[in-house]
Amino acid sequence: MVATVAAVLTSCASKKELTALQEKQKKTKELLDSATLKLNVCEEQKKSSSNEIGLLREKINLLKNSNSALQNNVNNLATLSTKEAQNLERSLESIKEKDVQINSLRDAITKKDSVTLALVTSLKGALGNLNDEDIEVNVEKGVVFISISDKLLFNSGSYNVSSKAKAVLGKVATVVNNKPEIEFLVEGHTDNVPYKKGVLLDNWDLSVKRATAVVRVLQNEFKVDPSRMTAAGRSHYIPLTSNDTKANKAANRRTRIVVLPKLDQFYNMIDEGMKKAASQG
């Protein structure tokens, strides 16, 4: 009898330890996933920044060479005619303006990258630990993409948004409603299996109907301003991978929300930087 009680107690203790270890493993995985997402964003930004810095360095070197040549001419200013002196002065002013432009461009790029990082962080925080196969947030060439799998959004062959998907779209809507300055494109993508049903003639029709279904949910149920959204269908012509297996076809059936960069805001930041530099000069 004593041996039986001891065995039961040992079994309970083992289960508690196992549960504790499993919980610890889950928390460790969540931390690792979060760190991996942040690392991916940082690597994208680093790559983009490196390219931009390279271009700026080339411009700076060119300006330095021009400036050096002009400075040599300044030493011989006494021999220059009045007209030549005026031309030299205009050239120096032009160099100064270009320096201001480069600095303003660098500041605008930094601000844009900060806005992009803040948006990605907000989206990932709102979406939480959803299955990476169902939803993914990433940055490509400075543009934020939210990719949602077909199996999460729609039933097979349907363009009616599922109840489960509406919960996810509600979280996305919360973020975009808090950032009224952004606009975005909703893209529908299919696999290469021909589709024809009812009024739908092909995969073009299906991809567009799915995009407009998502847009309507965002507008009607989550109050996203319709003037900020564009719906588009891409059919099966931009696959993530080949359509040679069932799993690959499932990956290609997706809806993508693309946050569109507002170039006018970007150039306004450059213009404001130039005006500020001019006033300080």
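Ground rules. I number residues from 1 along each chain as its sequence is written, and side-chain values use heavy atoms, without hydrogens or water. As the model is predicted, local features need pLDDT of at least 70 and side-chain atom pairs pLDDT 80 or more, while totals for chains, interfaces and linings use all residues.

Strand E2. I looked up E2 (143–149), taking helices (H or I, at least four residues) and strands (E, at least two) as DSSP runs numbered from the N terminus. Seven of its seven residues are buried, that is, under 20% relative accessible area with a 1.4 Å probe, protein chains only (exposed is over 50%, partly exposed in between). In a regular strand the side chains alternate between the two faces of the sheet. In E2, Val143, Phe145, Ser147 and Ser149 are buried on one side, and Val144, Ile146 and Ile148 on the other.

Neighbours of E2. I count strands as paired if DSSP finds at least two bridges between them. E1 runs antiparallel to E2 and is joined to it by six bridges; valine 139 stands opposite valine 144. Two residues lie between these strands in the hairpin, where lysine 141 has a positive phi near 55°. E5 is also antiparallel to E2, with six bridges, and its threonine 255 is the bridge partner of isoleucine 148.

Aromatic pair. I searched the whole structure and found one pair. The rings of tryptophan 204 and tyrosine 237 have centres 5.4 Å apart and planes at 35°, so I list the pair as tilted (centres within 6.5 Å; under 30 degrees is stacked, over 60 edge-to-face, the rest tilted; rings of Phe, Tyr and Trp, its six-membered ring). Tryptophan 204 is partly exposed at 41%, and tyrosine 237 is exposed at 52%.
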